[in-house]
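Thank you for sending this model for comment. The points below are meant to be read with the coordinates open.

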Amino acid sequence: MTITIYHNPDCGTSRNTLAIIRQSGEEPDVIEYLKNPPSRERLVELIKAMGMTPRELLREKGTPYAELNLGDPKWTDDEIVDFMLAHPVLINRPIVVTPLGTMLARPSEAVLDILPNPDIGPFTKEDGEVVIDAQGKRVA
């Protein structure tokens with residue numbers, strides 16, 4: 001079974017998502033998308049598989065979003081994809097692909113919904129937030 005994560009190791013949400021996947025017993029294909037961005041075709045496939053628009057996948061924080069005036073509705077979906085390809089940091093993360101679906105795993109525990117083995121036992125995020133308690137129940 002193949003699981004893929006489009007990962008940014010500098011992002012806590014991405015690191016927590018990767019840890020959840022690994023705790024489920026899977027070793028995913030890790031694509032550091034800032035170093036190895038997806039092709040246009042692959043990015044469009046991912047967006048479609050997530051049921052999102054390119055605009056919904058745009059990341060604002062820590063990116064050239066404001067400088068490029070990407071909040072302006074004049075930009076078409078194709079143009080937004082062009083911006084993401086030119087500036088991969090604009091692609092929100094982490095994107096996870098499993099046999100059960102594709103999603104933007106924000107918050108990180110959302111990935112449990114598409115993992116083949118979501119019963120991973122207790123899990124606490126890097127910041128100390130408990131996601132799954134000692135009894136194996138997801139904490140809301």
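**Notes on the model**

1. Asn69 is partly exposed, with a relative accessible area of 40%, where partly exposed covers the range between buried (under 20% relative accessible area) and exposed (over 50%), using a 1.4 Å probe and protein chains only. The residue sits in the loop between helix H3 (54–57) and H4, helices being DSSP runs of H or I with at least four residues and strands runs of E with at least two, numbered from the N terminus. Although Asn69 is not a glycine, its phi is positive, at about 60 degrees.

2. The model is predicted, so that local features need pLDDT of at least 70 and side-chain atom pairs count only at pLDDT 80 or more, whereas totals for chains, interfaces and linings use all residues. Residues are numbered from 1 along each chain as its sequence is written, and side-chain values use heavy atoms, with hydrogens and water left out.

3. Helix H2 (residues 40–50) packs against helix H4 (residues 77–86) at an angle of about 120 degrees, the two axes being 11 Å apart; axes here are lines fitted to C-alpha atoms, for helices over the stretch in contact, and angles run from 0 to 180 degrees between N-to-C directions. H2 and H4 are therefore oblique to each other, a class left over once angles under 35 degrees are taken as roughly parallel, over 145 as roughly antiparallel and 65 to 115 as roughly perpendicular. The crossing of H2 past H4 is right-handed, that is, the near helix is turned clockwise from the far one by less than a right angle, anticlockwise being left-handed.

4. On the H2 side of this packing, Arg40, Leu43, Val44 and Ile47 meet Asp78, Val81, Asp82, Met84 and Leu85 of H4, contact meaning heavy atoms within 4.5 Å. The residues of the contact of H2 with H4 divide into six nonpolar, three charged and no polar, with Ala, Val, Leu, Ile, Met, Phe, Trp, Tyr, Cys and Pro counted as nonpolar, Asp, Glu, Lys and Arg as charged, and the others, Gly among them, as polar.

5. Which residues have the most contacts inside the largest nonpolar core? They are Leu57, Met84 and Ile95, in a core of 20 residues, a nonpolar core being a set of buried Ala, Val, Leu, Ile, Met, Phe, Trp, Tyr and Cys residues joined through side-chain atoms within 4.5 Å. H2, H4 and S3 each supply at least two residues of this core. Apart from it lies another core, of 17 residues, which includes Ile5, Leu18, Ile114 and Val131. Once neighbours within four places in sequence are left aside, the contacts of Ile95 include Leu46, Met50 and Leu57, and also Ile5.

6. Arg93 lies in the loop between H4 and strand S3 (95–98), and is buried, with a relative accessible area of 8%. Not counting residues up to four places away in sequence, Arg93 touches Tyr6, Asn8, Cys11, Ser14, Tyr33, Arg59, Leu104 and Arg106. The peptide bond from Arg93 to Pro94 is cis, with omega near -5 degrees, and Pro94 is likewise placed in the loop between H4 and S3.

7. A cis peptide bond also runs from Arg106 to Pro107, with omega near 0 degrees; Pro107 belongs to the loop between strand S4 (101–104) and strand S5 (123–124).

8. Val89, in the loop between H4 and S3, counts as partly exposed at 24% relative accessibility. Beyond neighbours within four places in sequence, Val89 is in contact with Leu34, Arg59, Gly62, Thr63 and Pro64.

9. Thr124, in strand S5, is partly exposed, with a relative accessible area of 41%. Leaving aside neighbours within four places in sequence, Thr124 is in contact with Glu129, Val130 and Val131.
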